[in-house]
Amino acid sequence: MSFDIKKVKIIVMVPTNYLEKVRMAILDAGAGVIGNYTHCSTSFSGIGTFKPNREANPFIGEANQLETVQEERLEVIVYVSDVKKILSVIREVHPYEEPGIDIIPLLDENDFQ
């Protein structure tokens, strides 16, 4: 069985007070299309941890100090052809030096017999 991946799910962790800025930037750039709907997204609250090394330039925290931050896990569906554009927008508006981003390929139900 072979699959033709047309969409992915992009997941990015965002500090709570930046959620709407990042969400609207990527949705306005074309993420979040599901059928006849646009601007579709989901977010979940969580707590992120990180420890910047001496060479980091952290938005939050200090080098060599463990930080705990209230974050949102923002999820959107993206066409494969738009992935690079959406990643560029995320990096442009996200406050973190190194945002945590996951890209998960999605299968369509029509791929199954």
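N64 counts as partly exposed because its relative accessibility is 42%, where partly exposed lies between buried (under 20% relative accessible area) and exposed (over 50%), with a 1.4 Å probe and protein chains only. The model is predicted, and local features need pLDDT of at least 70, side-chain atom pairs count only at pLDDT 80 or more, and totals for chains, interfaces and linings use all residues. Residues are numbered from 1 along each chain as its sequence is written, and side-chain values use heavy atoms, without hydrogens and water.

N64 is located in the loop between β2 and β3 (67-79) and, although not glycine, has a positive phi near 60 degrees. Helices (H or I, at least four residues) and strands (E, at least two) are DSSP runs numbered from the N terminus. A positive phi of about 60 degrees is also found at H39, likewise not a glycine. H39 belongs to the loop between α1 and β2 (42-50) and is partly exposed, because its relative accessibility is 37%. Most residues other than glycine have a negative phi.

The axes of helix α1 (residues 19-28) and helix α2 (residues 83-93) come within 9 Å and cross at roughly 150 degrees. Axes are lines fitted to C-alpha atoms, for helices over the stretch in contact, and angles run from 0 to 180 degrees between N-to-C directions. The two helices α1 and α2 are therefore roughly antiparallel, a class that comprises angles over 145 degrees, as against under 35 for roughly parallel, 65 to 115 for roughly perpendicular and the rest for oblique.

F3, in the segment before β1 (7-15), is partly exposed, given its relative accessibility of 35%.
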